[in-house]
Amino acid sequence: QVQLVESGGGLVQAGGSLRLSCAASGSIFRVNTMGWYRQAPGKQRDVVATITNGGSTNYADSVKGRFTISRDNAKNTVYLQMNSLKPEDTAVYYCKAYLHSFSLVWSDYWGRGTQLTVSS
């Protein structure tokens with residue numbers, strides 16, 4: 001069994017900062033790319049940022065310069081530091097990991113999501 005658990009969401013004022021964390025646990029052999037996605041009400045889920053196990057990162061244009069993704073490979077944990085938050089960043093944030101478990105081939109695993117609300 002593999003679990004991804006996000007934490008760190010909440011309510012913050014525009015211009016504020018917040019850090020999300022996501023820890024992958026269970027029967028994990030190896031983790032490749034990890035990433036953060038978000039879904040606002042009535043909209044599709046979109047990628048926010050991704051990071052490979054080598055540290056290469058990619059960001060959505062809307063968050064470049066404001067958000068920073070990082071990871072701790074020893075802990076199978078990925079972080080998202082969010083600065084200069086805007087009301088349009090309000091969404092449920094999901095963590096995803098592309099990993100190899102002990103029992104399956106490489107697969108995507110998702111967390112349950114954490115709500116971020118940015119007030120104006």
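Student: Which residue has its backbone oxygen 2.7 Å from a polar atom of the side chain of R71?

Tutor: Keep in mind that this is a predicted model. R71 is found in strand β7, residues 67-72. Its contacts beyond four places in sequence include V31, N32 and T33. The backbone oxygen at 2.7 Å from a polar atom of the R71 side chain belongs to N32.

Student: Which other backbone oxygen does the side chain of R71 reach, at 3.1 Å?

Tutor: Among the contacts of R71 are also I51, T52 and N53. At 3.1 Å, the side chain of R71 reaches the backbone oxygen of I51.

Student: How far from R71 is the nearest side chain of opposite charge?

Tutor: R71 is buried and has no salt bridge. A salt bridge would need a side-chain nitrogen within 4 Å of a carboxyl oxygen. The nearest side chain of opposite charge is D72, and its distance is 8.1 Å.

Student: Is V47 buried, partly exposed or exposed?

Tutor: V47 lies in strand β5, residues 46-51. Not counting residues up to four places away in sequence, V47 touches W36, Y37 and A60. Its relative accessible area is 40%. Buried requires under 20% and exposed over 50%, so V47 is partly exposed.

Student: What is the bridge partner of E6 in β3?

Tutor: E6 is on the covered face of strand β1, with V2 and L4, while Q3, V5 and S7 make up the uncovered face. Strands β1 and β3 run antiparallel and are joined by six bridges. In β3, the partner of E6 is C22.

Conventions. Residues are numbered from 1 along each chain as its sequence is written. This is a predicted model: local features need pLDDT of at least 70, side-chain atom pairs count only at pLDDT 80 or more; totals for chains, interfaces and linings use all residues. Side-chain values use heavy atoms; hydrogens and water are left out. Helices (H or I, at least four residues) and strands (E, at least two) are DSSP runs, numbered from the N terminus. Buried means under 20% relative accessible area, exposed over 50%, partly exposed in between (1.4 Å probe, protein chains only). Lys and Arg count as positive and Asp and Glu as negative; His and the chain ends are not counted. A polar contact is a pair of N or O atoms within 3.5 Å; within protein, one must be able to donate a hydrogen and the other to accept it, and residues adjacent in sequence count only if both atoms are side-chain atoms. Contact means heavy atoms within 4.5 Å. Two strands pair if DSSP finds at least two bridges between them.
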